[in-house]
Amino acid sequence: MSETIITTSAQKVPESVSPATARGYKMDKQGAQNISMGNPTPYPIPTFDDPYRKREWMLEHMAGAFRVFGRRGFGEGSAGHITVRDPVNPSTFWINPLGTHFSLMKASDMVQVDLDGNIIGGNTSAPINAAGFAIHSALYKRRPEVNAACHTHSVYGKAYSAFGKPLEMLNQDSCVFYKNQAVYNDFGGVAVEKKEGENVAKAADGVQSVILRNHGLMTAGTTVDEAAYLFTLMERTCQCQLLADAAENEGKKKIIIGDEEAAYCHFIDCDPESLFLEFGVGLNYEIAMDDSFMTFTNSRKFNRTP
């Protein structure tokens, strides 16, 4: 197939884009450079020489993720947890304290726990969610490449989970989950037992997103930003799926995106850099509205330390 230039109202796709699909579309490699044109991505993933400084940055982004979740109404009582693997001691992880509203979370609130359930650092006076520990500790044991995970009892995730079915590729955004989702279809009750946590973690093998039947959603990533954006997107995708299913029941016909097009969209949009970029939009809104969750940054500003 000869190469062509696809013209839009704003720009042209250069001929140097080598073909991969039947339409001739391909990118040489994944990354935010596929979306950010003219200048580098506004939200690059930083690197750190000091793992303790990386820990502070990570905890602030973790707290920021909770603020995003709180604004979107993902809270349900004390249910829900975001965790991150500790960069100083990777056999431990950080989790939110039980009973603190997502919209009030600060970096200094987080609790460090080892894989045996011992609270060893951070906010050591706070309890943690037992089900959150059971699921996330099993995930970190089983998936060494995972550094963060999110789970809440969000409304549309809970509703769609009742069907025990994967999401369909209904739109471009859905394609982030193309061959990147699983369904845990063996609901065993509140996941306070070690075995239930292990079963959930096993269901997540090889994917970043899991629909937990009769329970909700869980996502994972290499950064908390990646995992959190996947969660917000999956929740919204469940909402779209339910709306489309309802319209189909009224006689409307759904058109599902083909495998080739879905794979291409996934290639462009679903990588650590691109997902980090997507979450940065919401995170920076939270910073502009109220940056009180950035405990360590604000402390350095107050004390005028680098």
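Predicted model: local features only at pLDDT ≥ 70, side-chain atom pairs only at ≥ 80, totals over all residues.

Visitor: Which strand pairs with β4, in what sense, and over how many bridges?

Guide: Strand β3, residues 111–114, pairs with β4 in the antiparallel sense, and three bridges join the two. β3 and β4 form a hairpin with four residues between them, and in the turn G117 has a positive phi of about 95 degrees.

Visitor: And what is the strand order of the whole sheet?

Guide: It is an open sheet of eight strands in the order β4-β3-β2-β1-β5-β8-β7-β6, and the pairing is mixed. β4 (119–122) and β6 (181–184) are the edge strands, and because each has a single partner strand, one side of each is left without a neighbour in the sheet. From one strand to the next, the twist averages 20 degrees.

Visitor: Which strands does α4 touch?

Guide: Helix α4, residues 194–203, packs on the sheet and touches β6, β7 (209–212) and β8 (216–221), with its direction making about 150 degrees with that of β6. Helix α5 lies across β1, β5, β6, β7 and β8, and runs at about 150 degrees to β8.

Visitor: Switching to helix pairs, then. At what angle do α1 and α5 cross?

Guide: The axes of helix α1 (residues 51–71) and helix α5 (residues 224–249) cross at roughly 10 degrees and come within 9 Å. With an angle under 35 degrees counting as roughly parallel, that makes α1 roughly parallel to α5. The crossing of α1 and α5 is right-handed.

Visitor: Which residues meet there?

Guide: From α1 there are W57, M58, H61, M62, A65, V68 and F69, and they meet V224, D225, A228, F231 and T232 in α5. The residues of this contact of α1 with α5 divide into nine nonpolar, two polar and one charged.

Visitor: How does α7 sit against α1, parallel or perpendicular?

Guide: Helix α7, residues 272–289, packs with α1 at an angle of about 80 degrees, the axes being 9 Å apart, and that makes α1 roughly perpendicular to α7. On the α1 side the contact is made by W57, H61, G64, A65, R67, V68 and R71, and on the α7 side by F276, F279, G282, L283, Y285, E286 and M289. Sorted by class, the contact of α1 with α7 has eight nonpolar, three polar and three charged residues.

Visitor: Back to α4 for a moment: at what angle does α2 cross it?

Guide: The axes of helix α2 (residues 130–142) and α4 cross at roughly 50 degrees and come within 8 Å, and the two helices are therefore oblique to each other. α2 passes α4 in a right-handed crossing. In α2, A134, I135, A138, L139 and R142 meet G197, E198, V200, A201 and K202 in α4, a contact with six nonpolar, one polar and three charged residues.

Visitor: Last one: which residues does the UniProt domain annotation cover?

Guide: The unreviewed UniProt entry carries the annotation "domain: Class II aldolase/adducin N-terminal" over residues 60–242. Over that stretch, the chain is 33% helix and 20% strand, with the end C-alpha atoms 34 Å apart.

Note on methods:
Residues numbered from 1 in each chain as written. Heavy atoms only, no water. Axes fitted to C-alpha atoms, helices over the stretch in contact; angles between N-to-C directions. Parallel < 35°, antiparallel > 145°, perpendicular 65-115°, else oblique. Left-handed = near helix turned anticlockwise from the far one by under 90°. Contact = heavy atoms within 4.5 Å. Nonpolar A, V, L, I, M, F, W, Y, C, P; charged D, E, K, R; others polar. UniProt positions renumbered as here; feature names shortened; annotations may be inferred. Pairing = 2+ DSSP bridges.
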